[in-house]
Amino acid sequence: MSTTQNSNTVPSPCIEVCRMDAAQVYCEGCWRTIDEIKAWRDLSNVQKIRLWRVLGERRQAVPGAL
C-alpha cells in the first residue's frame with residue numbers, strides 16, 4: 001500500500017509489481033484489472049474499500065499469489 005496518501009484517502013493497492021498474469025486479466029502485484037487500475041483515482045473511498053475486499057478474495061483464490 002502506498003504510504004504517500006493522506007489519512008482521508010484509501011491507499012492504492014499497488015505494490016509496484018506491475019505485470020499482468022498469463023491470461024492478461026489481473027495485475028500480479030495488486031490483482032486489479034486494467035479497468036480497475038485506470039478507474040482507481042476516480043473511485044469514491046467507499047468504492048475503493050469495496051474493491052480492496054474484492055482484491056482480497058481474488059488473491060485468496062489463487063494459490064501462490066503475492
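Mentor: Let's start with a word you'll need all the time: a residue is buried if its relative accessible area is under 20%, exposed if over 50%, and partly exposed in between (1.4 Å probe, protein chains only). What you see above is a predicted model, where local features need pLDDT of at least 70, side-chain atom pairs count only at pLDDT 80 or more, and totals for chains, interfaces and linings use all residues. Residues are numbered from 1 along each chain as its sequence is written, and side-chain values use heavy atoms, with hydrogens and water left out.

Trainee: Okay, how much of the protein chain counts as buried?

Mentor: Of its 66 residues, 24% do. The accessible surface (Shrake-Rupley method, 1.4 Å probe; for residues, only the protein chains shown count as cover) is about 4700 Å² for the protein chain, and carbon and sulfur atoms own 52% of that.

Trainee: And how many helices and strands are there?

Mentor: Both are DSSP runs numbered from the N terminus: helices are H or I with at least four residues, strands are E with at least two. Here the protein chain has two helices and zero strands.

Trainee: What share of the contacts joins residues 24 or more positions apart?

Mentor: A contact means heavy atoms within 4.5 Å. Looking at contacts in the protein chain with a separation of 6 or more, 41% are between residues 24 or more positions apart.

Trainee: Now the cysteines. How many disulfides does the structure hold?

Mentor: To count, two cysteine sulfur atoms must lie within 2.5 Å. This structure holds zero disulfides. Take Cys 27: its nearest cysteine sulfur belongs to Cys 30, 3.9 Å away. That distance is over the limit, so Cys 27 is in no disulfide. Cys 30 is in no disulfide either.

Trainee: How many salt bridges does the structure hold?

Mentor: A salt bridge is a side-chain nitrogen of Lys or Arg within 4 Å of a carboxyl oxygen of Asp or Glu. You'll find two here. One pairs Arg 58 with Glu 36 at 2.7 Å, N to O. Those partners sit 22 residues apart and link distant parts of the chain, with Arg 58 in helix H2 (residues 45–61) and Glu 36 in helix H1. Arg 58 and Glu 36 are both buried. Arg 19 and Glu 28 form a salt bridge as well, at 2.5 Å, N to O. Arg 19 is partly exposed because its relative accessible area is 46%, and Glu 28 is partly exposed at 24%.

Trainee: Which rings make an aromatic pair, and why is that pair called tilted?

Mentor: Rings of Phe, Tyr and Trp (its six-membered ring) pair if their centres lie within 6.5 Å; planes under 30 degrees apart are stacked, over 60 edge-to-face, and the rest tilted. The structure holds one such pair. Tyr 26 and Trp 31 have ring centres 6.1 Å apart and planes at 50 degrees, so the pair is tilted. Trp 31 lies in the segment before H1 and is buried at 6%, whereas Tyr 26 is partly exposed at 24%.

Trainee: Last one: what does the side chain of Ser 12 reach?

Mentor: The backbone nitrogen of Cys 14, at 3.1 Å. Ser 12 lies in the segment before helix H1 (34–39), and with a relative accessible area of 12%, Ser 12 is buried.

Note on methods:
A polar contact is a pair of N or O atoms within 3.5 Å; within protein, one must be able to donate a hydrogen and the other to accept it, and residues adjacent in sequence count only if both atoms are side-chain atoms.
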